[in-house]
Amino acid sequence: MNKPRLPLASAPGKICLLRLSALGDVSHALPVVRAIQAQWPETEITWICGKFEYKLLRLIEGVRFIVFDKKAGFSEYFRLRKQLSGERFDVLLHMQVAARANLASLAICADIRLGWDTERSRDLHQLFINQRIEAVARQHQVQGFLSFARALGLRAEQPEWNFPVTDAAKEFADQYIDGQRRVMVISACSSHVLRNWTVEGYAALADYAVSEHNMQVILSGGPSEVELKMAAEIESAMYQPVLNLVGKDTLEQLAGLLSRASVVVSPDSGPAHLANALGTPVLGLYACTWSRRSGPYGSLAVSVDCFEEAARKYRNTTADQLPWGTRIEENGVMELIHLGDVKQALDRILDSAT
């Protein structure tokens, strides 16, 4: 039997998208879904996603979601296989190279199994696919995901997110937003603690936003011990008022809050990419990772990026000499980000909005 060829000559009947996690990466995958929905409206889309990510993705209409709970262990792979038994897809978009996703893909029957190129693969990813996207050197992750859409034959040069915000989420935000002032939301923590900026830096920036720009400052984040501790320390270090909502909202409510912000300040994190998907300006803080690869796509020009300095200090080389996707997660690396540069970036964002 001949292997089906790409690009497709006509719209497929059924597409399965496999991207389990994380929040930032599933937000990168959404423009692929939007391209399919816009150009192949009759195509049925199934998305296999993580349990946590589903709390947000479930708001997207026109997609059948199958939740994969990684904490359930090997029984989850058998449950997935049973759920998909007897079902066949025209295309599997295998968008995650991790071993967990590769194993999960074995439960999915598809004629075309499209995955990442060799350079961006790991954990034997190439054994679980039969076609791969084009290899493009030093490509931003958003464009990497859009390569899946282009490989199918879709027009997808620039991303469209159209991320939904529920009325309930808007009402939640309205409880806290001062409608007479511009709003800065600080989502201070990444899932990797070494990517987080300093308490002193966040506090000083927040004070500057209030005193110099008359902004309302809101601290946002999840209920983890790290995030609660960081928020408490930022609040304690500030001399201006701040509203601490860390651990007090759901993912759905977070979308409402981020959609109402004038600017979101965050390191390389899921909330930064969610804010970007909502069209909110993001002041990204980068040193562990390179914003050219994983920064908030619509706000790359205003990200404060010290990855080059980190490469020289911690790897004794230049950023261009490092493999694409390198992480420099070293103690103190985020201290390369200077408060003055972050203040200037905030000024530029606010000036461009007036």
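How many helices and strands does the chain have? In this predicted model, the chain has 13 helices and twelve strands. Its C-alpha trace spans about 70 × 50 × 40 Å along the principal axes. A compact globule of 354 residues would have a radius of gyration near 20 Å, and the chain, with 21 Å, agrees with that.

We begin with one of the sheets. Six strands, in the order β3-β2-β1-β4-β5-β6, make up an open sheet with parallel pairing. The edges are taken by β3 (64-68) and β6 (131-132); each has a single partner strand, so one side of each has no neighbour in the sheet. Further in, strand β4 (residues 88-94) pairs with strand β5 (residues 109-115) in the parallel sense, over five bridges.

Helix α1 lies across β1 (14-18), β2 (44-50) and β4, and runs at about 175 degrees to β2. Helix α3 (residues 75-83) lies across β2 and β3, at about 155 degrees to β3.

Helix α1 (residues 23-39) also packs against helix α5 (residues 141-152), at an angle of about 35 degrees and with the axes 9 Å apart. This crossing is right-handed. On the α1 side, the contact is made by D25, H28, A29, P31, V32 and A35, and on the α5 side by Q141, V142, F145, L146 and A149. Sorted by class, the contact of α1 with α5 has eight nonpolar residues, two polar and one charged.

Now turn to another sheet. Six strands form an open sheet here too, in the order β9-β8-β7-β10-β11-β12, and the pairing is parallel. Which strands stand at the edges? They are β9 (243-244) and β12 (304-305); each has a single partner strand, so one side of each is left without a neighbour in the sheet. Strand β8 (residues 216-220) is joined to β9 by two bridges, and these strands run parallel. In β9, N244 is the bridge partner of L219.

Helix α9 lies across β7 (183-187), β8 and β10 (263-267), and its direction is about 155 degrees from that of β8. Helix α9 (residues 251-259) also meets helix α10 (residues 270-277): their axes come within 9 Å and cross at roughly 60 degrees. The two helices are therefore oblique to each other. The crossing of α9 past α10 is right-handed. In this contact, L254, A255 and L258 of α9 meet P271, L274 and A275 of α10. By class, six nonpolar residues take part, with no polar and no charged ones.

The axes of α1 and α10 come within 7 Å and cross at roughly 25 degrees. These two helices are therefore roughly parallel to each other. The crossing of α1 past α10 is left-handed. Which residues of α1 meet α10? L23, G24, S27 and H28 in α1 meet G270, P271 and H273 in α10. By class, the contact of α1 with α10 has two nonpolar, five polar and no charged residues.

Methods:
Residues are numbered from 1 along each chain as its sequence is written. This is a predicted model: local features need pLDDT of at least 70, side-chain atom pairs count only at pLDDT 80 or more; totals for chains, interfaces and linings use all residues. Side-chain values use heavy atoms; hydrogens and water are left out. Axes are lines fitted to C-alpha atoms, for helices over the stretch in contact, and angles run from 0 to 180 degrees between N-to-C directions. Helices (H or I, at least four residues) and strands (E, at least two) are DSSP runs, numbered from the N terminus. Angles under 35 degrees count as roughly parallel, over 145 as roughly antiparallel, 65 to 115 as roughly perpendicular and the rest as oblique. A crossing is left-handed if the near helix is turned anticlockwise from the far one by less than a right angle, and right-handed if clockwise. Contact means heavy atoms within 4.5 Å. Ala, Val, Leu, Ile, Met, Phe, Trp, Tyr, Cys and Pro count as nonpolar, Asp, Glu, Lys and Arg as charged, and the others, Gly among them, as polar. Two strands pair if DSSP finds at least two bridges between them. The radius of gyration is taken over C-alpha atoms; the globule rule is 2.2 Å times the number of residues to the power 0.38.
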